[in-house]
Each structure stands twice: as structure tokens, then as C-alpha cells.
Amino acid sequence: MKILIVSKAFHPQNNPRSFRTTELATELVRQGHEVTVAVPVEGEGTRNYCQKNSMTLIDLGKPKWREMDITGSGPFRLIRRVVRRGAFTLFEFPDIEIAFQIKRALKNHSGFDLAITIAAPHSVHWGFRALLSRNKNLCQTWIADCGDPFMGNTIDTFRKPFYFKFFEKAFCRRADSITVPVPGAVEGYYPEFHSKIHVISQGFRFPEPDFWPEYSPNPVPTFAFAGGFIPGVRDPRPILDWLVTRPDSFKFIFYTQQTDLIQSHAEMLGSRLEIRGYLPRQQLLIELAKMDFLVNIENRTSLMSPSKLIDYAMTGRPILSLDSYNINHEAFEKFLKKNYSQQVRLPDLGSYRIENVARRFVELALKERFI
């Protein structure tokens, strides 16, 4: 099968959408398909990866639109923050640019059996839909893969303006199928498109057994969180407020770039809280496997589930899942005493293996072709 994958994120970027795109493309090649990836090229790292893994690369071009810099201090920083947030809320700036990049880069291509567009941002789907209206021979089947809902996103501080519903409905109407990673996400889309939506989990390449370091209990309870925060939703501060009151000896390690949100707690907790930057995924997995347990901060909605839960589960370490604003203190105290009876247990991890995820996309495409 001749497959086109379109995304804004790809190797060597270090984020969930990049992993989704890269792992899916790599596995589809391994399963014998002819794969073309259309992505913005991140220097020679992107080109070398595609060459090494027998993929054809279409460069969507280097983005020209950038977020406004909000570093510094004083009233001008506040003004810049307001302007940047307004530009994103009202116009999806700068993410909207990818729609125009897709239209330019793919206008002269055709003959694909299957096209898979991967969001976020959802403007990837918008640009591809606009392209198909002019280039009907581009592909036989189009699957729009959505990490999180757009108009139905309930955890963002600002609701999407009403006019974006026309963009969302247009791509949902044109796509042959829409895929989401968790069943609850279906409710984040307009009801008239629910029949088009299929659940295909985030795909992961599972390391070999000898990849994992041998676990040894730490001298004091040592646990970690990896990823980003959403103030007021996936927010670590209420959890840290409670930990500040505890006399226990422990070490809480954060792998995150959002240091400002927890810096004041780091000062209060001293050596009990450590902030580290992001690591490449394979290296991060090794570090997480050394922890006594891992912390998941919930999104407070069934529409979205953090993909880090699967990485956590692969390490074999117990998982403590917490709602920041309704903390299960009893469970947390038990974990601090190395009683993991209330750990999160995920269902069979087989559905998250990239081999099975890639087959699901191909099976869905074949089903659409012969309906």
C-alpha cells in the first residue's frame, strides 16, 4: 500500500505527536508498505532518519510564523502575553500556518492509497481538507488522526471561538475516518460524526526485556512525574502544597520544562524536590524504571488521557494517579510507605504495541475502500 503521513511533528522532536508520527511511519515501512512522510524538516536529523528507514520525505517547509517572545519583566511582558494568547485563541496563530504549508507542498502530488493526517494541531486536518478540494487524486482514503478534541476540548482555559466549528465540521465531513486514542474522546466531537470515529491507541515500540535496568528500592521513597502541566487542571501545585506539610523523607523528581510553576515549592521542599529537564524517550524510560513509583496527574476529563501512562506502565513501576483538586491522601500516604495496593492497573498493553496500531490503520483503510 502506498501511504502518505502528514504531520507537524516528526523525529527528532521530543513530544507525543512526534512519537505518534515517527513510530507509525517506521512500523508501516517495516510491514512492507511504501511510506511518504510530509513534515517540516528539522535539519539533517529528519532527512537522515527517513533515509535510514526507507521513507520518502516531503518537506513542508520551515515555519515563518513564531510565537511572540514573552521573556523579561514589567508591564510590556504582560502586554505581550495578552497579545500572544489573543492571537492563538482568535486565529490559532502560529499553528494555522501548517495548513498553508500543506497546501503548497502537496499540491502536485497524487496516487496514494491512504493518507493519514496527524493532529495536534488540528490545522493539519484543515489544510489537508482544503488541498483535497483541489487535488481529488491525491489519495483514495483519508484518515484524520486526532490526539485531543478541538472544539470539544474542556480543559483549556479559553474556549474556542464559535467560527472554528466550521473548520472542524468541514474536515470531519470530508475525512473517510477519524481516529482518537481513547473511547472517551468520541464525546469531544459533534454527534453527526460519531459513526466515523474509531479508537486506535497511541502506538509504542516496546523495548526488549534486557533494556530495563534492575530495580533496587531507593533509600527514601523516590517518585517522579514526567511531562507538562495545565494550570487549574493537570496542576502539581495542590499536591506540592500538601507535601510541604508532610514530615516524611522522600524525593519527588519532575521531568518538565515548566519550571516556573513549581519553582517556589522547590525552594520550600529543598532536597525533597528535584527538577530535571526533558530527556530523549529511551533515556527517560530508563530513569523512570529506577523510581519506587510514578505519579500521574489526571486531566479531570474522560476526553483526554495522557500517553505517558503507557510509558509508565512499561517500566513496571507502580503508578499513583491523582486528581490535583481532590487528592486521595490515603493512597498517597500508603505509597510513601511502599504500600502500592491502590496503584493504577492498565488493561492489556498489547493494544498499544506499534505493530498492532499500524495494522489497525491499514485494516481501517481497507474497510473504507470496500464499503
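A residue is called buried here when its relative accessible area is under 20%, exposed when that area is over 50%, and partly exposed in between, computed with a 1.4 Å probe and protein chains only. By this definition Phe-166, at 51% relative accessibility, counts as exposed. The model is predicted, so that local features need pLDDT of at least 70 and side-chain atom pairs count only at pLDDT 80 or more, whereas totals for chains, interfaces and linings use all residues. Residues are numbered from 1 along each chain as its sequence is written, and side-chain values use heavy atoms, with hydrogens and water left out.

Phe-166 lies in helix α6 (residues 164–174); helices (H or I, at least four residues) and strands (E, at least two) are DSSP runs numbered from the N terminus. Together with Phe-162 and Phe-167, Phe-166 makes a nonpolar surface patch of about 360 Å². Such patches consist of residues with over 30% relative accessible area and no salt bridge, where like charges are joined within 9 Å and nonpolar side chains (Val, Leu, Ile, Met, Phe, Trp, Tyr) within 5 Å. The areas come from the Shrake-Rupley method with a 1.4 Å probe, and for residues only the protein chains shown count as cover.

The description now turns to the sheets. Seven strands form an open sheet in the order β3-β2-β1-β4-β5-β6-β7, with parallel pairing; two strands pair if DSSP finds at least two bridges between them. At the edges stand β3 (56–59) and β7, each with a single partner strand, so one side of each has no neighbour in the sheet. Neighbouring strands of this sheet are turned by 25° against each other on average, direction ignored. Axes are lines fitted to C-alpha atoms, for helices over the stretch in contact, and angles run from 0 to 180 degrees between N-to-C directions.

Within this sheet, strand β1 (residues 2–7) runs parallel to strand β2 (residues 34–39) and is joined to β2 by five bridges, with Ile-5 opposite Val-37. Helix α1 (residues 16–30) lies across β1, β2, β4 (112–119) and β5, at about 160° to β4. Strand β6 (residues 177–180) pairs in the parallel sense with strand β5 (residues 139–146) over three bridges, and Ala-144 stands opposite Ile-178. Strand β6 also pairs in the parallel sense with strand β7 (residues 197–199) over three bridges, where Val-180 stands opposite Val-199. In a regular strand the side chains alternate between the two faces of the sheet. In β6, Ser-177 and Thr-179 point one way and Ile-178 and Val-180 the other, and all are buried.

A further open sheet has five strands in the order β10-β9-β8-β11-β12, again with parallel pairing. Its edges are β10 (273–276) and β12 (319–322), each with a single partner strand, so one side of each is left without a neighbour in the sheet. Helix α9 (residues 281–288) packs on this sheet and touches β8 (222–226), β9 (251–255), β10 and β11, its direction making about 170° with that of β9; contact means heavy atoms within 4.5 Å. Helix α11 (residues 329–336) lies across β8, β11 and β12, running at about 155° to β12. Strands β8 and β9 pair in the parallel sense over five bridges, Phe-223 having Phe-252 in β9 as its bridge partner. Because four of the five residues of β9 are buried, this strand is largely enclosed by the rest of the structure.

Charged pairs complete the picture. A salt bridge is a side-chain nitrogen of Lys or Arg within 4 Å of a carboxyl oxygen of Asp or Glu, and the whole structure holds 19 of them. In helix α1, Glu-27 and Arg-30 lie three residues apart, about one turn of the helix, and their side chains meet in a salt bridge (2.8 Å, N to O). Glu-27 is buried at 0% relative accessibility, whereas Arg-30 is exposed at 52%. The side chains of Glu-92 and Lys-160 also form a salt bridge (3.2 Å, N to O). Glu-92 lies in the loop between α3 and α4 and Lys-160 in the loop between β5 and α6, so the pair ties together parts that are 68 residues apart in sequence. Lys-251 forms a salt bridge with Glu-274, the closest N and O atoms being 3.5 Å apart.
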